[in-house]
Amino acid sequence: FYGESKKLEDFYIVVATKEDAKSDVCAYEVSHLAVELEKTATLSSDKVYSGTTISYKIAVKIIGEGSVENIVINDSIPSGTTYIEDSLKLDGITAGDFNGTAISVALDSITQTTESSDPKHHVTFDVRVQ
């Protein structure tokens with residue numbers, strides 16, 4: 001069954017053996033970490049109007065224990081909006097870049113020694129509806 005995969009509890013098993021091939025048993029260490037992003041938006045008015053400010057917040061959570069490196073958060077701003085200059089922040093401090101259509105923020109390595117559902121970082125930025 002070449003290329004078949006199955007989920008077994010928290011693991012995935014991949015079968016990649018042709019019927020006429022010899023087989024061997026081996027194990028691969030898979031990272032116990034996952035990066036989870038949770039994005040929320042808050043409007044400056046009760047509905048979306050021209051001139052309404054939309055404040056975005058991206059919570060960065062780590063699922064599991066260990067270290068993760070080279071994390072870059074990218075997010076496109078919605079069409080019909082303009083980025084509000086200098087609103088991009090990492091944990092309340094100006095950070096990252098805006099390239100005209102999307103934001104980008106690089107994070108330092110994150111180490112988590114005990115399981116936690118609390119965010120490790122928050123990326124925030126604002127846009128204005130045209």
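## Terms and basis of the model

Two strands are said to pair if DSSP finds at least two bridges between them, and the strands themselves (E, at least two residues), like the helices (H or I, at least four residues), are DSSP runs numbered from the N terminus. By this rule β6 and strand β11 (residues 102-107) are joined by six bridges and run antiparallel.

The structure is a predicted model, in which local features need pLDDT of at least 70 and side-chain atom pairs count only at pLDDT 80 or more, while totals for chains, interfaces and linings use all residues. Residues are numbered from 1 along each chain as its sequence is written, and side-chain values use heavy atoms, with hydrogens and water left out.

## The chain as a whole

The protein chain holds 13 strands and zero helices, so that, by the DSSP runs defined above, the order of elements from the N terminus is β-β-β-β-β-β-β-β-β-β-β-β-β. Of its 130 residues, 25% are buried, where buried means under 20% relative accessible area, exposed means over 50%, and partly exposed lies in between (1.4 Å probe, protein chains only).

The accessible surface of the protein chain comes to about 9,500 Å², and carbon and sulfur atoms hold 49% of this area; such areas come from the Shrake-Rupley method with a 1.4 Å probe, and for residues only the protein chains shown count as cover. Among the contacts in the protein chain with a separation of 6 or more, 65% are between residues 24 or more positions apart, a contact being heavy atoms within 4.5 Å.

## Strand β4 and its partners

Strand β4 (residues 53-63) is largely enclosed by the rest of the structure, because eight of its 11 residues are buried. Strand β3 (residues 34-43) pairs with β4 in the antiparallel sense over 10 bridges, and in this strand β4 the bridge partner of E36 is K61. Strand β13 (residues 121-129) also pairs with β4 in the antiparallel sense, over eight bridges, and T124 in β13 stands opposite K57.

A charge is also placed over a ring: K39 lies over the face of Y56, at 4.5 Å from the ring centre. The rule for this asks that NZ of Lys or CZ of Arg be within 6 Å of the ring centre and within 35 degrees of the ring normal.

## The loop residue T52

T52 is placed in the loop between β3 and β4, and with a relative accessibility of 3% T52 counts as buried. Leaving aside neighbours within four places in sequence, T52 is in contact with L43, S44, S45, K47, V127, R128 and V129.

The side chains of T52 and S45 are joined by a polar contact of 3.0 Å, and a polar atom of the T52 side chain lies 2.9 Å from the backbone nitrogen of Y49. A polar contact is a pair of N or O atoms within 3.5 Å; within protein, one must be able to donate a hydrogen and the other to accept it, and residues adjacent in sequence count only if both atoms are side-chain atoms.

## An open sheet and a stacked pair

Three strands form an open sheet with antiparallel pairing, in the order β6-β11-β10. Its edge strands are β6 (71-76) and β10, each of which pairs on one side only, and in β11 the bridge partner of I71 is L107.

There are two aromatic pairs, counted where rings of Phe, Tyr and Trp (its six-membered ring) have centres within 6.5 Å, with planes under 30 degrees apart called stacked, over 60 edge-to-face and the rest tilted. The pair of Y83 and F98 is stacked, because the ring centres are 4.3 Å apart and the planes are at 20°. This pair links distant parts of the chain, with Y83 in strand β7 and F98 in strand β10 (residues 97-98), 15 residues apart. Y83 is buried, at a relative accessible area of 18%, whereas F98 is partly exposed, at 31%.

## Two residues with positive phi

Most residues other than glycine have a negative phi. D86, however, has a positive phi near 65°; D86 sits in the loop between β7 (81-83) and β8 (89-90) and is exposed, with a relative accessible area of 54%.

D91 likewise has a positive phi, near 55°, and lies in the loop between β8 and β9 (93-94), where D91 is partly exposed at 40% relative accessibility. Leaving aside neighbours within four places in sequence, D91 is in contact with K120, H121 and H122. The C-alpha atoms of D91 and H122 are separated by 5.1 Å, although the two residues are 31 residues apart along the chain, and the D91 side chain reaches the backbone nitrogen of H122 at 2.8 Å.
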